[in-house]
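Trainee: I would like a close look at one part of this model: the way its strands pair into a sheet. Please start there and then follow the parts that connect to it.

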Amino acid sequence: MAQPQVNGTARPQNKLVEQVIRTPDRNPSPQPTLLGVPGASQSNQSLHKILTDHGSGYVAPKFEGKKQQMEDVMDIIEEKGFLPTEFVASETEWFYGALGFDDMYFATETVEAIASNILSLYAAKLAAYARDDKKLEIRLQKEASDHAVYIDTSKPGISILEGPRFEQRIDEKYIDGSKPSRSYRVESFRASNALPENPSESLRCYFVYQCDFKEPNVGPNETDLEKIGERRFLQKATKKTKEIYQEVINYAVARTGPVIEMFDIEGTREKRMVIAYRQGSAMGIFSALSDLYHYYGVTSSRKYVEQFANGITIISLYLRPAEGVSTKHPPIEAAIHQIIKEISLLFCIPQNKLQNQFASGNLSLQESIYAHCVHVFIQQFLNRLGPEYTSLVAALKGDTTGNAELLSKIKKRLRTETFTAEYILEILNRYPELIRILYLSFAGTHYVQTRGDRDDFIPTLSYLRLDVNQVKDEETIAEMISRTAANQHDQMVMSYFLIFNKAVLKTNFYTPTKVALSFRLKPSTDFLPEQEYAQPLYGMFLVIGSEFRGFHLRFRDIARGGIRIVKSRNREFYNINARSQFDENYNLANTQQKKNKDIPEGGSKGVILLDYNHQDKDRVAFEKYIDSIMDLLLPPTSPGIKDPIVDLHGQEEILFMGPDENTAGLVNWATEHARARGAPWWKSFFTGKSPKLGGIPHDAYGMTTLSVREYVLGIYRKLNLDPSKIRKIQTGGPDGDLGSNEILLSNETYVAIVDGSGVLVDPNGLNHEELIRLAKKRVMISEFDASKLSPQGYRVLVDEKNIVLPDGEKVNNGMVFRNTFHARPGHLYDLFVPCGGRPESINLETCRSLIQEGKSTIPYMVEGANLFITQDAKLRLEQAGTILYKDASANKGGVTSSSLEVLASLSFDDQSFIENMCIGSDGTVPEFYHTYVKEVQAVIQRNARLEFEAIWREAEKTGRPRSVISDELSLAITKLDEELQHYEELWSNIALRTSVLQEALPQTLLNKIGLEKILERVPDNYLRAIFGSYLSSRFVYEMGPQPSQFAFFEFMRKRMSA
């Protein structure tokens, strides 16, 4: 068998990875991890340096009052009488001289605090004598408002899983929460003298100080150390330390990931490692670093955490071999390579679910993080419903009564109660040996030894126990799982590791330049059963970071959809969101697939779920999510990164994304980032970006609302209704895109609005001018002028409790009232337009309150918010008389606008794109942009009217629910579209192709560029998609979802004759 090529040369043979397809190199972000790899021939770093200074890099200013302070301390100790008089001087001198505290500590602490610490240490010595083993254990913890001291006994090179875990506390209380306005620096060192009572242990001391910045109000890109430095640091750091930190900061401000530099200390085996990263981007990293270097038999003599006013954190570690460690550990000269590279993996997930297995040495870092990722995968996909549920569904098919509601409840219960995240983790912790074997199988496929036997980054540090012959085939591993698992549940959980390994087509797991872990998965019925996911996915990405987990799902190769960030108000909501994340993502993408019927792209969606403890990290999570997916999209062209990536997909992929919940303000960054990383598709990567980057913002031009309004106006037109007499309720308030524009374009009488801040009600009609003011200002109803409510009107905010309404009803909890208001009985509305709210806000259970005596209380509903009403609830409401248009039909204006924005970016060259689609820095709008936006709006309204009429006509003719007809139209269009794209005879008919494209493409674009240039610049598969989607949508809108077999022939005959 011919050997695969890497950079044009034969790759060294490796039986671990011999069978797989490889790409030749890696393509890092311009903001990757910066690795300082000593001795490397290629590196994306500054030159490795050797330090001649054997000191700490810090010199504390001399404390002139130290001697007098020592006398005062002894006086206090003697006065307390706890310490025998003859020991007062010796214990005090030992504390001042033998422990290695620098003068900064003594200048900071009060005399009383020092005396207390000395007495605490002496008490620990006394306690040791009372122990059978005579072991001296010191656990000293002193916390003040602006500083803290921790002293602990420990064995160098060993992570302690029990006890006070001071490093974890320092992480949680001081480092993780540090930000420029309130930061903490840390100094830590190990006393050089071992304890006489415990010769293998010594004292580890930690000193925490609140930062006092010289210039606290600097920008995030400021790099001048003298401006951004903390006063104590600037006072204590040596010139060489300042030079090192200055260089590292210069790199760090331009990167998302950490900067890692390593220095040899001349004449010793000690190494100095310096790590810089953005504050808040690596929670728990300080303690996790200790677990990492301990795993390699390395300990630290000193370590420092420095904060800077520009938001950069620097950790400096002085590492040396731990004495008396097992011979299984490599020498520090080899281990340091592994530590440096694994820091980027640690940065992705500093505290993984199996951290204790790693800290205790049962699993390597790579094995534990691999298991952490599979844990996320299992949590999403193991809670499946099984064949019994499928049989029950079949038995109740067509049932629209209470049994369907019961089925819905059974489905939810089965999914939430079978395998919880905690139960899955409990099972994983029982089988570290199986995890090691499963990890080797994963590594054997996805890791490449680029330097053959001399490779310095083996798939796992169990690299001493790694033998390529240990990599077992799937059948053998499955047999081992079956033989080892204690019960069926354990076997099911561990078997999902094999399903995960089989599903991964490519990953950035072994790439040093990463900020989160991304996996391109092959959708499979192994974990996506057909009975639950009838519409098969084309592709899926799983992204896992320290602050979030995310999916990206798409139904076609060329697909479009927004990226949303899901936040959780409390722990209960987070658990619900975590369990349902994939299903929500799938349903959103499926809805997108249906609503994209008029455009060339299929449906896709990305959902980022913020970890409960990181609800404020939306921007960090978004940037990591995007950068990690780009790792798997971009061709490997950058020099200096030696790690190839395994690509079992073997095809170039392009994703088209847009804004969604909580991401509207982040798309400019994504566009600029794609351009900075050299992505040729940067112009079309994200829509909804700033007009200065060529974007067409949906909110500014009301793109989504234009489509929703066409359905509302269509109902008025068909039923000859007067809008001014329509009583209306809306979820999603004046602060949102859809909600604000719906208010601005509407002329109904609003009687209720529900948004993130609460509920606003007035049975006599809300003041329209006040609503317009809020909508233009884009603020919530919490800012509504309550004086403009009638006596029967009221407002209840989510944080309010025990509110009495005008009719005497008492509201105990504003949050619960807000969450359930849209389904409360007793209110009379004519029209309900959901413009915001969580998916499934109306389901079979809640919709019962909207039906009285078999008749719906709301005659008309147009679902602007995606998935707001479940399909079962839609059918029940329609059965009760509601005229209802679902999200997949009504909410498609935004995707049409985005698609035409992409088309413009593909049609123009870079310079023409800037001239015609980018608004100038002075606000000048190009004439083409102005005209093009107007045509986009007209296309949205035309497409909405065509579909409205088709659904109305079919409902009148057949009497079937509009929600069903909408789905049938979507499926008919997308099915015919796919067939037409691959029907070469039609595409090869140049006259027909030209005619269709001239009709389908915006006239503004054709007039400006010309069809010939567009055909030259736009990718062929995209043009085919335009051709197919336009023909199929026009045919189905005209002939219905179930036309006769001759209808398309007649339709095409007319077109071709014309």
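Mentor: Two strands count as paired if DSSP finds at least two bridges between them. The strands themselves (E, at least two residues) and the helices (H or I, at least four residues) are DSSP runs numbered from the N terminus. The model is predicted, so local features need pLDDT of at least 70 and side-chain atom pairs pLDDT 80 or more, while totals for chains, interfaces and linings use all residues. Residues are numbered from 1 along each chain as its sequence is written, and side-chain values use heavy atoms, without hydrogens or water.

Begin with the pair β18 and β19. Strand β18 covers residues 559–566 and strand β19 covers residues 602–610. They run parallel and are joined by six bridges.

β17 (548–554) and β19 each supply at least two residues of its lining. So do the helices α5, α12 (365–381), α15 (421–428) and α19 (571–595). The helix α19 gives the most, with five residues. A pocket is an open set of points on a 1 Å grid over the protein atoms alone, with protein on both sides within 12 Å along at least five of seven lines; a cavity is a set where a 1.4 Å probe fits but cannot get out, and lining residues have an atom within 4 Å of a point. Points are joined across faces, edges and corners, and a volume is the space filled by probe spheres set on them.

The volume of the second largest pocket is about 980 Å³. Its lining has 40 residues, of which Gln351, Lys353, Arg571, Asp611 and Asn613 are the closest to the centre. By type, the lining divides into 14 nonpolar, 15 polar and eleven charged residues. (Nonpolar covers Ala, Val, Leu, Ile, Met, Phe, Trp, Tyr, Cys and Pro; charged covers Asp, Glu, Lys and Arg; the others, Gly among them, are polar.)

Helix α5 (166–175) leads on to the largest cavity, where it again supplies at least two lining residues. The whole structure has nine cavities of 30 Å³ or more, and the largest holds about 290 Å³ of space. There are 23 residues in its lining, and those closest to the centre are Ile158, Ile160, Glu167, Tyr206 and His294. Other elements with at least two residues in this lining are β7 (147–154), β9 (202–210), α9 (285–295) and β12 (298–307). Here α9 gives the most, with five residues. The lining contains eight nonpolar, seven polar and eight charged residues.

For a contrast in pairing sense, look at β10 and β11. Strand β10 (residues 259–265) pairs with strand β11 (residues 271–278) in the antiparallel sense over six bridges. Ile260 has Ile275 as its bridge partner in β11. Five residues lie between the strands of this hairpin, in which Gly267 takes a positive phi near 80 degrees.

Strand β24 (residues 758–761) pairs with β25 in the antiparallel sense over four bridges. In that pair, Val761 stands opposite Tyr794.
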